[in-house]
Amino acid sequence: MSLAAVLRRLATAAVTLFGVAVVVFVLLRVAPGDPIAMMIGPGASEADIAALRARYGLDQGLVTQFFIWLQGLIAGDLGTSISLRSDVLGLLGQRLPATLELAGAALVVALLVGGTIAILGTLARRSPGEAVVDGANGLLLAVPDFIWALAFVLVFAVFIPVFPLTGRMDPTIDMDFATRFFLLESLVRAEFAVFGNIVSHMTMPVLALALPLAAIVARVLKGALIEAMGQDYVLLARLKGKSELRLVLQEALRNALPATLALTGVQFTFLVGGTVIIERIFAYPGIGNMAIDAVINRDLPLIQGIVLAFGAMFIAINLAVDLAVAALNPRLRHG
Amino acid sequence: MADALPRESAPLDAATAAPSLAQRARRPLWRDLLAEKRVVIAGSYLALLALVAIFAPWIAPRDPLEQDLMLSLLPPAWAAGAEPGYWLGTDDLGRDVLSRLIYGARVALTVALVAATLAAILGSVLGLLAGWYRGLVDGAVSRLVDIWMAFPPVLLSILLVAIIGAGLPAVIIAIVIIDWTRFCRVVRAETMQQAAQDYVIAARTIGFSRRAILIREILPNVAPVLVALVSLEMGIAVIVEAILSFVGLSVSSDMPTWGGMIAQGRQIIHHAWWVLAAPLAMLFVTVLAFNQLGDGLRRALDPVARR
């Protein structure tokens, strides 16, 4: 990818982010309810209300309001949460790491599971085994994370209680974390008991998020692998006496990856979006769970901050994938 | 979910892409549909479910809202301590789970039908226009889709319902506002692909107007993909409604929904697993059915595969 192409792609991302900001602004302005009235509650004097109105520019026109809002946004001022009476940016900083760890772990699991299914399917191609793999994958494709999560709740928390049902770790755990990335930090600091506790809390939500993505990875990767296995360079390697498994892992996989990665990126944004409801089901303290409470409490500043955070994450993922695919694919590199 | 719709199934080969009327007449459509096992099985299940939903007052053994605290948390009929007549047990308010399940199908299917159809119309019109006229229209539509895709769908639906206000129409509007992009992206790509085919170029050479080609040539060839997508979207709509009911933002609580039952079952999971398991099973089978129907339809209607 040339520098100009990279810059063009960055500009597109910036325009999209601006568009997201506009949509969030419009959505929240058409929402019923007076934001000021919610902010200070009953018993406020007329003068107080007028002063707050002026401060947030609500006495100005809609376009002026937008630019006042945008200015604050750029300065990092996302306002104050009405229901939690706390700085929105601070709340995001506190909760976002939990969501990032959840989504990141789910991505890794999805790639591992999906990759394994694809390789098994490729090895079993044109045999009865392929139909079994495809059938299982078809089922994975059809079932959304919401259903997986609740099925896991029934099976692994009620019928055979092996995993804890809610939270990020046991409340009894007493460890001074320097960051909010509890999973990573406990691993880096070799606190394996804490790490294991966090992993067992994350198992069900991570699997629920990962399985639908794994199915998509498996299908795309399997198609690409089978196509690659028919290429001349694989034939050459086969003539040299390499085993089928080695052919897949050492020859075909490298060439099948870029196409898979491109698709995985887009689908990963759906996984990140899925954290909202999955965090809710498992009472996991991330921004998705907080988002639902914010909506139920009509906490407009908080809703706005969370939606923007998700939007920025989505745009960043798409951008990163586009750049990575361009970097991996020699045919596009000089495009 | 629906974004998983395989693109490789689209007719790629220019020589085989345009199904002539003669080909289509060779074998009647219904025979192709019946030959596809998944269409038959999934279609039969969904038809049965629709009948159950329509005739719910006659089929349901009890009033789904009738509470009887004396009969709360009864287990299903096969478990110890069950009460005859309560096949799937009762919830914590003593309401009959089976009857609530049957009435819940009404909300699920209404949302599936209306939301998927409206989203399909909105998305396809924009997708057809963008893919056929390109230029400024395409630029505007594509940018809009990009912005839309930057929102997490679940969060956006919750947000929209919070703004519009809870209730069935709000749920449907929210699904349409969010999911039109699925149709728009696929139809736009399909239209662009069809536009490059020989039969379109031929039609232009003969002197058909652009609009006539769009409606008479492109639309019928995009239709198979569209029909399959609508079926998949119905499955998604059922899930979205269940999610909104789950967080308490769908229809009011005096109307039983699968999502509402799931939320309730999640609360009392350690006392009565069946309150969660029953609606979850229905949701699973129904979503699977819409999915398989969509896949089967795509295969059966694919002009290349049909020969």
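This is a short chat about a predicted model with chain A and chain B.

Reader: What are the ground rules here?
Author: The model is predicted: local features need pLDDT of at least 70, side-chain atom pairs count only at pLDDT 80 or more, and totals for chains, interfaces and linings use all residues. Residues are numbered from 1 along each chain as its sequence is written, chains are lettered from A and ligands numbered from 1 in the order in which they are written, and side-chain values use heavy atoms, without hydrogens and water.

Reader: How many residues does each chain put into the contact?
Author: Chain A gives 49 residues and chain B gives 40 residues. Contact means heavy atoms within 4.5 Å.

Reader: And what area do they bury?
Author: About 3900 Å² between them, with 83% of it on carbon and sulfur atoms. Buried area is the accessible area (1.4 Å probe) lost on putting two parts together, summed over both.

Reader: Which helices of chain A touch chain B?
Author: Those supplying at least two residues each include helix 1 (3-30), helix 9 (192-229) and helix 11 (244-281). Helices are DSSP runs (H or I, at least four residues), numbered from the N terminus; strands are E runs of at least two.

Reader: Which one gives the most?
Author: Helix 1 of chain A, with 10 residues.

Reader: How do the residues on that side of chain A divide?
Author: Into 39 nonpolar, seven polar and three charged. Ala, Val, Leu, Ile, Met, Phe, Trp, Tyr, Cys and Pro count as nonpolar, Asp, Glu, Lys and Arg as charged, and the others, Gly among them, as polar.

Reader: How many over all chains?
Author: The count is 19. One salt bridge joins Asp322(A) and Arg9(A), at 2.5 Å, N to O. Asp322(A) sits in helix 13 and Arg9(A) in helix 1 of chain A, 313 residues apart.

Reader: New topic. What does UniProt list for chain B?
Author: The unreviewed entry gives "domain: ABC transmembrane type-1" for residues 105-294 of chain B. Such annotations may be inferred rather than shown by experiment; feature names are shortened and positions follow the numbering used here. Residues 105-294 of chain B are 85% helix and 0% strand, and the end C-alpha atoms are 20 Å apart.

Reader: What follows helix 6 of chain B?
Author: Arg134(B), whose phi is positive, near 50°.

Methods. A salt bridge is a side-chain nitrogen of Lys or Arg within 4 Å of a carboxyl oxygen of Asp or Glu.
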